[in-house]
Amino acid sequence: MLEVKTLDKPDERRDFPRGHMEAVHMTDLDFAVATFEPGWRWSESVAPIAGTPSCQMHHNGYVLQGRMRIRMDDGGETEVGPGDVYVVSPGHDAWVVGDEQAVVYDFQGQTAREFAKKE
């Protein structure tokens, strides 16, 4: 198999309060670029869309720009910034830290098909 797509022509864009996500969907991979504005917080901007109190998606990510704080449901917490690669299990909240927008790459098997998706 050989499959190539460009982010210049994403398969879809999802807008949500204080942010948006553009994604390409491939056979075994969704690759998304998410942009979060200052003041964005998952529990405020996406929870009403997802219908869950915390994010139930698994994320493999890379921070291109800005800073984000991530708090797990079990209380574990960290901050990520430019150049950081991260893995976050389901059951977390996240928010932008500071006055700069955060831009993250999210890559994995088909998660972008469900993130911030309105039913």
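This is a predicted model: local features need pLDDT of at least 70, side-chain atom pairs count only at pLDDT 80 or more; totals for chains, interfaces and linings use all residues.
Residues are numbered from 1 along each chain as its sequence is written, and side-chain values use heavy atoms, with hydrogens and water left out.

**View 1. Surface, charge and overall dimensions of the protein chain.**
The accessible surface of the protein chain comes to about 6500 Å². Carbon and sulfur atoms account for 50% of that surface. The chain carries 12 positive and 21 negative side chains, and the centres of the two sets lie 3 Å apart. Lys and Arg count as positive and Asp and Glu as negative, whereas His and the chain ends are not counted. Each charge is placed at NZ of Lys, CZ of Arg, CG of Asp or CD of Glu. Along the principal axes, the C-alpha atoms fill a box of roughly 40 × 30 × 25 Å. The radius of gyration is 14 Å, which agrees with the value near 14 Å for a compact globule of 119 residues. That radius is taken over C-alpha atoms, and the globule rule is 2.2 Å times the number of residues to the power 0.38.

**View 2**
The protein chain has two helices and nine strands, in the order β-β-β-α-α-β-β-β-β-β-β from the N terminus. Helices (H or I, at least four residues) and strands (E, at least two) are DSSP runs, numbered from the N terminus. UniProt, in an unreviewed entry, places the feature "domain: Cupin type-2" at residues 59–105. UniProt positions follow the numbering used here, feature names are shortened, and annotations may be inferred rather than shown by experiment. The span 59–105 is 0% helix and 66% strand, and its end C-alpha atoms lie 10 Å apart.

**View 2. Valine 63 in strand E4.**
Valine 63 belongs to strand E4 (residues 59–65). Valine 63 counts as buried because its relative accessible area is 1%; buried means under 20%, exposed over 50%, and partly exposed in between (1.4 Å probe, protein chains only). Buried residues make up 41% of the 119 residues in the chain. Leaving aside neighbours within four places in sequence, valine 63 is in contact (heavy atoms within 4.5 Å) with Val80, Gly81, Pro82, Gly83, Asp84, Tyr86, Val103 and Val104. Proline 82, 19 residues away in sequence, has its C-alpha atom 4.9 Å from that of valine 63.

**View 3. Valine 85 in strand E7.**
Valine 85 lies in strand E7 (residues 85–88) and counts as exposed, at 62% relative accessibility. Not counting residues up to four places away in sequence, valine 85 touches Gly61 and Tyr62.

**View 4. Phenylalanine 31 in strand E3.**
Phenylalanine 31 is part of strand E3 (residues 30–36). Apart from neighbours within four places in sequence, phenylalanine 31 contacts Leu7, Glu22, Ala23, Val24, Tyr105, Asp106 and Phe107. Tyrosine 105 is 74 residues from phenylalanine 31 along the chain, with a C-alpha separation of 7.2 Å. For the chain, 60% of contacts between residues at least 6 apart in sequence join residues at least 24 apart.

Threonine 6 lies in the segment before strand E1 (12–16) and is partly exposed, with a relative accessible area of 35%. The C-alpha atoms of threonine 6 and valine 24, 18 residues apart along the chain, are 7.6 Å apart. Arginine 18 is found in the loop between E1 and strand E2 (19–25). Arginine 18 is partly exposed, at a relative accessible area of 49%, and has a positive phi of about 65° although it is not a glycine.

Definitions and conventions. Accessible areas come from the Shrake-Rupley method with a 1.4 Å probe; for residues, only the protein chains shown count as cover.
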